[in-house]
Amino acid sequence: MEATKILVVDDSKLIHKMFDVMLRPHNLVHAYDGQEGLHRLAENVDVALILLDVNMPKMNGLEFLEEVKRNADLAEIPVVVISTEGKEEDTDRALKAGAVEYIKKPFQSEDVLGVVQRLAVN
Amino acid sequence: MASKPQARNEHVVNELKETISRATTLLDSLAGEARGEVSVDGDEERIRTLQERLEVAESDLTEISTQLVEAENQRGRLMNLYVATYQLHATLEIEEVTSTIAEIARELIGAEKFVLLLRDEESSAACGVALAQGLEADERSFFGGDRYVGGDAAIDAALEDGSLRTRREPGSCAIAVVPLTVQGSVVGALAVLKLFDHKAALTPEDKDLLDLLAAHAASALLAARVYSATDRRLRTLESLVKLVQ
């Protein structure tokens, strides 16, 4: 599998560890809130995909997503929202803000692997 | 070097590809014969044989697909267990261990409402509420703010007999109760009160995770408590030494 750079923005250390194991061939960049996510993006302009949580301290996932879509240099990076928020309006809000996919936690590993394969590798 | 599960998966995928290739060849052959040359008597027998072989190939394909799905599920289950165990023992800070227990409950199991109860170090009769997430006002009052003094049948029973409960019982608001046990002593319990709306029910994989929590969460908490107490004593001693000097 071709390795690509993926930014993971989530306040859960458990989820970061999970992605470390699940997405082992890929090069992961880690951030624990939206603000840190923006800093990491500025340092890693070749990120191919962003996996984003919603509920986070300092800057939440939707605010982060809006910032990314406002920036012309970053707007083309596909963003997949992965959240425990499972209501239809949560999904709609994220998709309207520019997310390409919405995965509900707890997730099956093949859901994430499929999205990564489709959006970051192909 | 490829890992064993990866090598097994590759083997299964290769078998699957070969089966599909054989089935395609058979189908092409049958289609070609159906278009024209079915005039000789022996051809009917040959078609019947080919159809039988095709049925066998299709059956193999179904079985291999089932095995592939099962292997994927098993991989996901083992990954969850590995990550949960790793993260529980990755720190000696009580707050971080508690936070990891909460993350396992919320992110891996899909618990929207849960409480973590820990027996007091001095008096084992009462439990402190170490963590409560998503509780409504009436549920908060039931768990007495930061104290739990009993009253929920399943939680009380789990604290008493140390048995994992993974279904709702009469007289209980919990859908699962995980006793936290160290060397045969129950030092607390995690009670799952509600799952997220998009999570229908606990799965066998969730039960594996709850079982893991029962064994590992308590030892991780105990290690963190011992470390914290030792660290406190060390600091006190260092302060005394500085005073004497």
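Mentor: Happy to. Let's begin in chain B, where strand 1 (residues 111-119) and strand 5 (residues 185-195) run antiparallel and are joined by 7 bridges. Keep in mind that this is a predicted model.

Trainee: What makes strand 1 and strand 5 of chain B a pair?

Mentor: Two strands pair if there are at least two bridges between them. Strand 1 and strand 5 of chain B have 7 bridges, so they count as a pair under that rule. Within this pairing, Phe114(B) stands opposite Val192(B) of strand 5.

Trainee: Why are strand 3 and strand 4 of chain B said to stand at the edges?

Mentor: The open sheet has 5 strands in the order 3-2-1-5-4, with antiparallel pairing. Strand 3 (147-148) and strand 4 (176-182) of chain B each have a single partner strand, so one side of each has no neighbour in the sheet.

Trainee: Which helices of chain B go with these strands?

Mentor: Helix 3 (residues 94-109) packs on the sheet and touches strand 1, strand 2 (127-133) and strand 5, its direction making about 150 degrees with that of strand 1. Helix 6 (residues 204-244) lies across strand 1, strand 4 and strand 5, at about 45 degrees to strand 4.

Trainee: Now the interface. Why is the meeting of Glu107(B) and Lys105(A) called a salt bridge?

Mentor: The cut-off is 4 Å between a side-chain nitrogen of Lys or Arg and a carboxyl oxygen of Asp or Glu. For Glu107(B) and Lys105(A) the N to O distance is 2.6 Å, so the pair meets the rule. The rule finds 2 salt bridges across the interface of chain A and chain B.

Trainee: How much area do chain A and chain B bury between them?

Mentor: About 1,800 Å², with 63% of it on carbon and sulfur atoms. Leu14(A), Lys17(A) and Pro106(A) supply 35% of the area that chain A buries against chain B, more than any other three residues. As for contacts, 18 residues of chain A touch 21 residues of chain B.

Conventions
Residues numbered from 1 in each chain as written. Chains lettered and ligands numbered in written order. Predicted model: local features only at pLDDT ≥ 70, side-chain atom pairs only at ≥ 80, totals over all residues. Heavy atoms only, no water. Contact = heavy atoms within 4.5 Å. Buried area = accessible area lost by both parts, 1.4 Å probe. Helix = DSSP H or I, 4+ residues; strand = E, 2+ residues; numbered from the N terminus. Axes fitted to C-alpha atoms, helices over the stretch in contact; angles between N-to-C directions.
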